Amino acid sequence: MAKTATAYKEKMKELSVFSLICSCFYPEARNKLVREFEDMEVKAINKRASGQAFEVILKPLSPVSDVAHTLPSPPKRDISLEDIEKKLEAAEDRRKYQEAQVLRALAEKRDHERDVLLKAMEENSNFSKMAEEKLQMKMEQIKENRDAHLAAIMERLQEKERHAAVVRKNKELREELTA
């Protein structure tokens, strides 16, 4: 493993020397292939079929660069009692506003639920009335049909009795004539 690491380091040194020699012969090509930033160096590797490849080399941090990168914090402002009170009042106002919004939303939801419930009760009442009227009409129709059927049966029965009376009368007349 150590041999591999040392071989890799030597290869990197050789590449650096090789790129230095190439930059002497081809200065504009070197400018196109390497870009340097404050803390890294980007080298364009030969173009591949799948796209462009780059090698990014990070430079070690130096103590001088650490100091340069730290940003000074903004100076602390003295907060007065009035500022604190204003912020507390603003927070209280926001809390009251949010609470009012929640209460308003709950009231609207409750009103909507009440409206839906009333509408459902009204529809149920209308349905019950319609069903009752329909049942009443059906019962009346059944009663009328029953009465008509009974009247027809009675009429046939009376017709049979009249016919029977005529037959009896004819029978008695025949018996009297034959007797």
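This is a predicted model: local features need pLDDT of at least 70, side-chain atom pairs count only at pLDDT 80 or more; totals for chains, interfaces and linings use all residues.
Let me start with one residue. Arg-95 has a relative accessibility of 39%, so it counts as partly exposed.

What does Arg-95 pair with? Its side chain meets that of Glu-92 in a salt bridge, at 2.3 Å from N to O. Glu-92 has a relative accessible area of 32%, so this residue is partly exposed too. Both residues belong to helix α4, which covers residues 81–178, and they sit 3 residues apart, about one turn of the helix.

The side chain of Arg-162 forms a salt bridge with Glu-159, 2.9 Å from N to O. Those two are 3 residues apart in helix α4, so about one helical turn separates them. Arg-162 also meets Glu-155 in a salt bridge, with an N to O distance of 3.6 Å. The cut-off for a salt bridge is 4 Å, so that contact is counted.

How accessible are these three residues? Arg-162 is partly exposed at 44% relative accessible area. Glu-159 is partly exposed, with a relative accessibility of 44%. Glu-155 has 43% and also counts as partly exposed. For the structure as a whole, the number of salt bridges is 5.

Next, the overall layout. The protein has 4 helices and 3 strands. Read from the N terminus, the order is α-α-β-β-β-α-α. Strand β3 spans residues 51–58, and Val-56 lies in it. Val-56 is also part of a nonpolar surface patch of about 330 Å², made together with Phe-54 and Leu-58.

Of the 179 residues in the protein, 4% are buried. Among contacts with a separation of 6 or more, 7% are between residues 24 or more positions apart. The protein exposes about 17,500 Å², and carbon and sulfur atoms supply 61% of that area.

Last, confidence. The mean pLDDT of the protein is 81, and 70% of its residues reach 70 or more. Which elements have the lowest and the highest mean pLDDT? The lowest is helix α2, residues 27–33, with a mean of 49, and the highest is α4, with 95.

How values were computed. Residues are numbered from 1 along each chain as its sequence is written. Side-chain values use heavy atoms; hydrogens and water are left out. Patches are made of residues with over 30% relative accessible area and no salt bridge: like charges are joined within 9 Å, nonpolar side chains (Val, Leu, Ile, Met, Phe, Trp, Tyr) within 5 Å. Accessible areas come from the Shrake-Rupley method with a 1.4 Å probe; for residues, only the protein chains shown count as cover. Buried means under 20% relative accessible area, exposed over 50%, partly exposed in between (1.4 Å probe, protein chains only). Contact means heavy atoms within 4.5 Å. pLDDT is the predictor's confidence in each residue, from 0 to 100.
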